[in-house]
Amino acid sequence: MPSDTTDFPADFVWGAATAAYQIEGAVRADGRGESVWDRFAATPGKVRSGDTGEIACDFYHRYPEDIALMRKLGLDAFRFSVSWPRVFPQGRAPLNQAGLDFYDRLVDELLAAGIEPFATLFHWDTPQPLEDAGGWPMRATAEAFVQYTEAVVARLGDRVRHWTTHNEPGVVSSHGYGLGVHAPGRADDADAVAAAHHLLLSHGWAVEAIRRLAPAASVGLALDLAQPYPASDSPEDLAAAWQIDGEGNRWFLDPLFRAVYPDDQQERIALVERVIRDGDLATIAAPSDFLGVNSYRRLLVAAGNGRPRILRPAGRYTTMDWEVYPDSLHRLLVRLADDYAPLAIYVTENGAAFGDVRGHDGEVHDLERTAYIRDHLDAIRRAIADGVPVKGYFVWSLLDNFEWGYGYSQRFGLVYIDYPTLERVPKDSFRAYRDFIADHRAGSDPTTELGELRSKSGA
Ligand code: FCB
């Protein structure tokens with residue numbers, strides 16, 4: 001990855017990201033309860049090819065092998081999520097110690113390998129019993145989330161120093177409750193808005209709980225953010241882009257950083273007023289230590305008949321049909337710093353799915369992914385040079401995995417998974433990312449031999 005590594009700070013965190021349901025498998029092991037994704041995937045027609053997370057990458061049993069791969073990569077940090085139904089099979093007490101024990105072992109093994117655990121508390125696998133009682137549109141689910149947070153942080157908080165409360169509340173709300181294309185598969189605008197509010201509210205409560213139980217911890221949440229570009233300078237296209245920005249970005253950023261919902265989103269304001277209570281916005285805006293940014297693509301937006309239209313310009317696309325447009329990450333990061341001034345940003349997800357195949361040599365030559373990561377790192381490097389406090393980068397994903405509604409059809413990994421055998425095959429992008437990290441370390445750390453040589457030669 002021949003990009004310039006010199007502008008990354010010496011303490012920049014080099015990572016890779018995953019999520020429990022997407023990699024763990026072992027859905028019935030050690031007393032784990034059912035999650036909404038088990039139920040959704042078992043429902044015919046919901047997930048491509050009828051794929052489920054039953055086995056996934058079997059990370060639950062193979063994590064030592066995967067940690068060995070992380071060491072080979074030279075990762076500083078590993079982002080994973082804790083599966084709520086492993087810890088509380090019913091969503092709330094009684095606690096399942098055996099489920100929590102798994103994360104205890106995982107964290108210890110990561111630390112023994114010199115890898116910092118970045119734990120996400122909720123990456124979409126709501127316990128099914130909570131969904132049966134109404135799910136995220138109900139305030140009770142937010143309350144249950146805090147009990148769960150307390151139990152996990154009480155157990156792991158002496159070793160885990162970075163906590164992400166929620167992953168992409170916007171996607172849970174829009175895809176899970178608004179469109180019905182993700183678990184739990186409900187399609188109702190009022191439910192979607194209520195779910196988003198309760199996810200944000202429970203974030204605020206969880207921040208308080210984490211600070212109480214692990215005062216030294218760094219806490220944030222991860223949003224899915226994409227920078228909308230207006231298709232032209234016409235007032236109509238500008239307004240359309242602003243509307244998409246309001247729905248996807250500001251609806252979450254404004255309450256978190258300004259304790260208000262954006263007042264141009266009148267339809268949603270009318271819906272959220274049904275569930276909001278005094279003090280909620282102050283809770284949501286509890287100061288956090290970092291903003292997690294999950295970003296993959298830009299959105300090119302034009303005015304349409306009543307609704308903004310997302311265009312599909314000519315260009316490069318991944319197999320998710322997401323446009324490859326690295327400059328949008330630079331623009332997004334600068335904009336976040338200008339408008340919201342987060343203390344720190346981690347790019348908690350960025351990566352690309354391509355149609356990887358193993359060649360005759362048994363290897364996976366994923367040039368497009370390597371270029372994607374290189375170009376997005378370059379966008380981050382430029383944002384840092386512009387003063388944006390980006391502290392780390394997590395490739396999505398370490399392993400090919402269960403890509404939600406797409407099942408196993410989309411490969412995002414640095415490591416190829418041969419699903420029939422579960423063999424792990426590091427791709428070319430794995431080696432490129434490894435070399436990139438190593439170059440950066442050598443370039444920024446004068447204590448290494450190479451660093452010393454470079455600083456002496458002035459290179
Ligand atoms: C994000 C999700 C992550 C993964 C990537 C491709 O929206 O957080 O789990 O599916 O997209």
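Against which elements do the buried residues of helix 5 pack? In this predicted model, local features require pLDDT of at least 70 and side-chain atom pairs pLDDT 80 or more, while totals for chains, interfaces and linings use all residues. Residues are numbered from 1 along each chain as its sequence is written, and side-chain values use heavy atoms, without hydrogens and water.

The buried residues of helix 5 pack against helix 1 (20-23), helix 3 (59-73), strand 2 (77-81), helix 4 (84-87), strand 3 (116-122) and helix 7 (139-156); contact means heavy atoms within 4.5 Å. Helices (H or I, at least four residues) and strands (E, at least two) are DSSP runs, numbered from the N terminus. The buried set in helix 5 consists of Gly-99, Leu-100, Phe-102, Tyr-103, Asp-104, Leu-106, Val-107 and Leu-110 (buried: under 20% relative accessible area; exposed: over 50%; partly exposed: in between; 1.4 Å probe, protein chains only). Gly-114, with a positive phi near 75 degrees, follows helix 5.

Most residues other than glycine have a negative phi, and most peptide bonds are trans. The Ala-93 to Pro-94 bond is cis, with omega near 10 degrees, and Pro-94 occupies the loop between helix 4 and helix 5. Ala-183 and Pro-184 are also joined by a cis peptide bond, with omega about 5 degrees. Trp-404, not a glycine, has a positive phi of about 45 degrees and is buried, at 3% relative accessible area. Asp-321 has a positive phi near 65 degrees and counts as partly exposed at 40% relative accessibility.
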